Amino acid sequence: MDAMAGFSSASTGSLVEVLETVVLELAGREAPGSGAVCLELAERVGRALDTGEAGLAGLVGRVEVSGVHRAWGFSSVSAWLADRVGMARGRAN
């Protein structure tokens with residue numbers, strides 16, 4: 001079964017909801033006992049997270065261009081990221 005089936009027609013909000021659910025579930029699981037399995041899975045998760053950063057950058061870019069963060073009381077996008085997303089200040093900048 002193709003894991004991507006149906007996702008191409010899903011809304012961005014729906015995709016974010018699925019992503020959030022999956023990463024929360026993954027974070028709560030114990031790592032498999034096999035080091036070799038963990039190595040492969042870590043490589044795959046790392047690639048997915050790296051690609052996900054590109055998606056995050058696109059969303060953050062739209063927030064910055066629109067200025068909507070100011071309507072929520074944040075002086076800058078980095079202040080919003082640090083407060084609401086929990087990013088470290090250096091990464092948020």
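Which residues does Ser78 touch, not counting residues up to four places away in sequence? Select Ser78 and look for Arg89, Ala92 and Asn93. Keep in mind that this is a predicted model.

**Stop 1: Ser78**

Ser78 sits in helix H4, residues 77-85. Colour by accessibility. Ser78 is buried, because its relative accessible area is 15%, and buried means under 20%. Now show side chains. A polar contact of 3.1 Å joins the side chains of Ser78 and Ser76. Another polar contact, at 3.2 Å, links the Ser78 side chain to that of Asn93. Asn93 is also among the residues that Ser78 touches.

**Stop 2: the core**

Next, select Val60, Val63, Val77, Leu81, Ala82, Met87 and Ala92. These seven residues form the largest nonpolar core. Helix H2 (35-66) and H4 each supply at least two residues of it. H4 gives the largest share, three residues. In soluble globular proteins, nonpolar side chains tend to be buried together.

Zoom in on Val77. Leaving aside residues up to four places away in sequence, Val77 touches Val60, Val63, Glu64 and His69. Ala92, another member of the core, is touched by Ser78 from the previous stop.

**Stop 3: the salt bridges**

How many salt bridges does a search of the whole structure find? The search finds three. Side chains of opposite charge can pair when their charged atoms come close.

Start with Glu53 and Arg91. Their closest N and O atoms are 2.3 Å apart in this salt bridge. The pair links distant parts of the chain: Glu53 is in helix H2, Arg91 in helix H5 (residues 89-92), 38 residues apart. Glu53 is partly exposed at 37% relative accessible area. Arg91 is partly exposed too, at 48%.

Stay on helix H2 for Glu40 and Arg44, which lie four residues apart, about one turn of the helix. Their salt bridge has its closest N and O atoms 3.7 Å apart. Glu40 counts as partly exposed at 41% relative accessibility, and Arg44 does at 48%.

Then pick Arg29 and Glu25. The closest N and O atoms of this salt bridge are 3.0 Å apart. Is Arg29 buried or exposed? Arg29 is exposed, because its relative accessible area is 55% and the exposed class is over 50%. Glu25, at 44%, counts as partly exposed.

**Stop 4: the surface patch**

Finish with Met4, Phe7, Leu15, Val18 and Val22. Together they make a nonpolar surface patch of about 420 Å². Pick out Leu15, in helix H1 (residues 12-27). Leu15 is partly exposed, with a relative accessible area of 36%.

Conventions. Residues are numbered from 1 along each chain as its sequence is written. This is a predicted model: local features need pLDDT of at least 70, side-chain atom pairs count only at pLDDT 80 or more; totals for chains, interfaces and linings use all residues. Side-chain values use heavy atoms; hydrogens and water are left out. Patches are made of residues with over 30% relative accessible area and no salt bridge: like charges are joined within 9 Å, nonpolar side chains (Val, Leu, Ile, Met, Phe, Trp, Tyr) within 5 Å. Accessible areas come from the Shrake-Rupley method with a 1.4 Å probe; for residues, only the protein chains shown count as cover. A salt bridge is a side-chain nitrogen of Lys or Arg within 4 Å of a carboxyl oxygen of Asp or Glu. Buried means under 20% relative accessible area, exposed over 50%, partly exposed in between (1.4 Å probe, protein chains only). A polar contact is a pair of N or O atoms within 3.5 Å; within protein, one must be able to donate a hydrogen and the other to accept it, and residues adjacent in sequence count only if both atoms are side-chain atoms. Contact means heavy atoms within 4.5 Å. A nonpolar core is a set of buried Ala, Val, Leu, Ile, Met, Phe, Trp, Tyr and Cys residues joined through side-chain atoms within 4.5 Å.
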